[in-house]
Amino acid sequence: MTTKKEFLIKPDFLKRKLPGYGDYSQVKKTIKKHGLNTVCTGASCPNIGECWSQKSMTVMILGSRCSRNCLFCDVKSGNCEEVDENEPFNTAEALHELEMKYAVITSVTRDDLSDGGSSHWAKTIEAVHSKGIFLEALIPDFKNNKKHLENVFSANPEILSHNIETVPRLSKLVRPQADYQTSLEVLKYAVNSKLVTKSSMMLGMGETRDEVIEAMKDLLSAGVSILSLGQYLMPTRKHYPVTRYLDESEFESLKITALSMGFKMVESAPLVRSSFGAAAHIKKSMEFNNIF
Ligand code: SF4
């Protein structure tokens, strides 16, 4: 159903309970106490209530402002902040305080920094590891600079994630400062560095099923073993519009297809986000490292 303003109405199955139950407030307090940013709040994630109530969240390092401006993203853009040298320590302390065993760290893209923020990334992964916490590192593309990527890879995250976000035809449109092939190169380099890799796409931006399957083939040939597929949700009416809401059955069918094509783990459902189910992914990838 469309209104005359040409915006689709969100179906009920995409509406979430307001946050506030379970461990939500403890997570909120701890994040605030340690002065951390999260992509949960930065990108207005609909799952925040459910995830935080289960002590699952994604810390966003290198500030709250990004040097890029993807059309689907609600993170503020431009005027990037000074890097907080205490952030690696504070991140590790916060996760430790929350007794988390598995965590996801991501960051804004910092094309304005000489090393893209890669040494800060390495320090953060090492600090978190020093608390006995296993993690998924959801990284920007570092413009595929091998030295900067090695800085991060040498800290050995249990899972290395980088999102292609959408199919090649739409990539330049919705991620103007990024590039589809560059993202595949980053993932390939992570695989060659013996890291377990993961990527994700948002659907409902105008891609066809065939295009999604072609993108899956690209990821598999890059050596990616974990895939997440979720419904794109427009943060505000200033962002890239949703072209359609996929049925839950379409996600289920794509999941079956992806597993039959060779992905080791697939999360595919309307409200799946790239860090959704991350704890299980990290645990499983550590258990079965030899098959990934
Ligand atoms: S690079 Fe990442 S954080 Fe920056 S605008 Fe794009 S999606 Fe958002």
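Strand β5 is mostly covered, with six of its six residues buried. The model is a predicted one. Strand β5 belongs to an open sheet of eight strands, in which the pairing is mixed.

**Strand β5 and its side chains**

- In a regular strand, side chains alternate between the two faces of the sheet.
- In β5, Y102, V104 and T106 point one way, while A103, I105 and S107 point the other way.
- Y102 has a relative accessibility of 17% and so counts as buried, the limit being under 20%.

**The sheet**

- The strand order is β1-β2-β5-β6-β7-β8-β9-β10.
- The edges are formed by β1 (37–38) and β10 (265–268), each of which pairs on one side only.
- On one side, β5 is joined to β2 by four bridges, and the two strands run parallel.
- Within this pairing, T58 stands opposite V104 of β5.
- Strand β5 (residues 102–107) is also joined to strand β6 (residues 134–138), here by five bridges and again with the strands parallel.
- Y102 has F134 as its bridge partner in β6, and I105 has A137 as its bridge partner in β6.

**Helices packed on the sheet**

- Helix α4 (residues 87–97) packs on the sheet and touches β2 (58–61) and β5.
- The direction of α4 makes about 170° with that of β2.
- Helix α9 packs on the sheet as well, touching β8 (196–203) and β9 (226–231).
- The direction of α9 makes about 165° with that of β8.

**The contact between α8 and α9**

- The axes of helix α8 (residues 180–192) and helix α9 (residues 209–222) come within 8 Å and cross at roughly 35°.
- From α8, the contact is made by Y180, L184, L187, K188 and V191.
- From α9, the contact is made by A215, D218, L219 and A222.
- Sorted by class, the contact of α8 with α9 has seven nonpolar residues, two charged residues and no polar ones.

**Aromatic pairs**

- The count of aromatic pairs comes to four.
- One of them joins Y102 and F134, whose ring centres are 6.0 Å apart and whose planes stand at 35°, so the pair is tilted.
- F153 and Y189 form another tilted pair, with 5.9 Å centre to centre and 40° between the planes.
- This pair also links distant parts of the chain: F153 lies in helix α6 (residues 146–153) and Y189 in helix α8, 36 residues apart.
- F153 is buried, with a relative accessible area of 6%.

**Around the ligand**

- The ligand is surrounded by C66, R68, C70, F72, C73 and T109.
- By class, this shell has four nonpolar residues, one polar residue and one charged residue.

Notes: Residues numbered from 1 in each chain as written. Predicted model: local features only at pLDDT ≥ 70, side-chain atom pairs only at ≥ 80, totals over all residues. Heavy atoms only, no water. Axes fitted to C-alpha atoms, helices over the stretch in contact; angles between N-to-C directions. Contact = heavy atoms within 4.5 Å. Nonpolar A, V, L, I, M, F, W, Y, C, P; charged D, E, K, R; others polar. Pairing = 2+ DSSP bridges. Near = heavy atom within 4 Å. Phe/Tyr/Trp six-rings, centres within 6.5 Å; stacked < 30°, edge-to-face > 60°. Buried < 20%, exposed > 50% of the residue type's maximum accessible area, 1.4 Å probe, protein only.
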